[in-house]
Amino acid sequence: MVPEAREVDLSKKDRKVLEGLCRSPVTLQRDLKRARIVLLAAAGRSTRSIAKEVGVQPRIVSLWRHRYADHGLEGLQDKPRPGKQPIYTKATDKRILKLLDKPPPQGFARWTGPLLAEALGDVDVQYVWRFLRKHKIDLVARKSWCESNDPNFTAKAADVVGLYVAPPAKAIVLCVDEKPSIQALERAQGYLKLPNGRALTGQSRDYKRHGTTTLFAALEVATGKIVATHSKRRRRVEFLDFMNSLTEAYPGRKLHVILDNLNTHKKNEDRLEAHPNVQFHFTPTSASWLNQVDVWFSILQGQSLSGTSFTSLEQLQDHIDAYVNAYNERAEPFVWTKKKVRQRRFKGRRITQL
C-alpha cells in the first residue's frame, strides 16, 4: 500500500541545487533519482506517474516525497546505519600482547601467528597477522643488544664523546683496538650460472686454513686515517709494542687514546708514567661501540675480507695492508652527530611497555 502523497513545496534555492544534480555528469544514480522525484513532485505529478518515469516503485517515490517535506535537502541523504558489530575488540588486542609477554609453548623457539591463534582459542589467525602488522611487531626478525651495567656509564661516555665533538687543541685523538684471529682461508671462487640464467658470485663451502693474524689498528679521529700492524697474538706485550709505534708516529704530540675494557688495555700505569704525553680513555663496560675504530673494522670486513681467498698468511697480510693504504688515500673522518648518549635499560622490558 502506497502512503498518501505529500505536497512538495520547493524553494528556489533547493530547486537550483536539485536541477544542478540532474545536470551534473558525476552525480550518483541514487541521488539523481531522488532529485528527479522531488522536482517532479513539486511540479504536481502523481506518485504513480513519477514512479513510472523515474523507474522505481511507488513506495520509493512516496518515501522521498515525505523525507523532503519533513527535512528538506538533508532528508534526501542516507541515514546513518549501524554497522556490523566487530568480532574482535581492544580486549582481544590486549590478550595478544599479554600472550607475547609469555614464553612460547614448550619446544618452540618463538611465537608464530598460528601458535598465537591456537593459544587464544577464539581468535582467527588472519586477525592475529593483521594486528601484528598494524603494530609493526615482527615475530621473525631478531636483534641483539648489549646492555651496559657500568655505574660510571654517563661519565665515561661523556668523556669519549667529548673527544669526538670537541677534541683538545694541538692533540691527537686515536681510537685503538684489535681485530683478532683473521683467518687466511683458501677456497674456490668464481661466477655461478643458475638454471634460470641468473649469474652470481659464489665460493666453495670447502676451504683450507693457512693460519690467522691479529690486526692492531688506530683510527685518527681528525682525519679518519688508519695506522695498522699485524701480530700473531694479542697479549699485553703486543699491545704495548703497538702503542710504542704510535708514540713514535706522533713524536712530541699529546695522544688521547680511546680503548675498550680488554684486560691487556688496563693496568699499564708503568707505561703511562714513562710516556706522560699519552692518556688512556676507556669506554664504559659493554659499550665498545663508542670506539670509532670498531666502525672501521666493519668496513674492512665488508669491503676487503668477506668472500676472499688466500693461499698463505702472508698473502692475507699483504691484502689487508693494501686495503689500508687505499683507504687512507680517500679517508674522511667519521662525523659524530649524537651528542647525548644515555644508558637505556632493555633487560626485563615487556612488549606491552614498548
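What is the relative accessible area of C22?

Analyst: Happy to take you through it. The model is predicted, so local features need pLDDT of at least 70 and side-chain atom pairs count only at pLDDT 80 or more, while totals for chains, interfaces and linings use all residues. Residues are numbered from 1 along each chain as its sequence is written, and side-chain values use heavy atoms, with hydrogens and water left out.

C22 has a relative accessible area of 29%, which makes C22 partly exposed. That label lies between buried (under 20%) and exposed (over 50%), using a 1.4 Å probe and protein chains only. C175, in contrast, is buried, at 0%. As for disulfides, taken as pairs of cysteine sulfur atoms within 2.5 Å, the count is zero.

From C175 we can move on to N291, because C175 is among the residues that N291 touches (contact means heavy atoms within 4.5 Å). Leaving aside residues up to four places away in sequence, N291 also touches Y164, V176, D177, I258, L259, D260 and T283. N291 is buried too, with a relative accessible area of 0%. Its place is the loop between β7 (278-282) and α11 (292-305); helices (H or I, at least four residues) and strands (E, at least two) are DSSP runs numbered from the N terminus.

β7 leads us to helix α9, as the buried residues of α9 pack against β7, β1 (171-186), β4 (208-220), β5 (226-231), β6 (254-259) and α10 (269-274). Those buried residues are E238, F239, L240, F242, M243, L246 and T247. The helix covers residues 236-249, and its 14 residues should span 20 Å at 1.5 Å a residue, the expected span being 1.5 Å times one less than the number of residues. The end C-alpha atoms of α9 are 20 Å apart, which agrees.

The buried residues here are L32, R34, A35, I37, V38, L39, L40 and A41, and they pack against α1 (12-23), α3 (47-54) and α4 (58-71). After α2 comes G44, with a positive phi near 90°.

To return to your cysteine: C22 is partly exposed at 29%, C175 is buried, and the disulfide count is zero.
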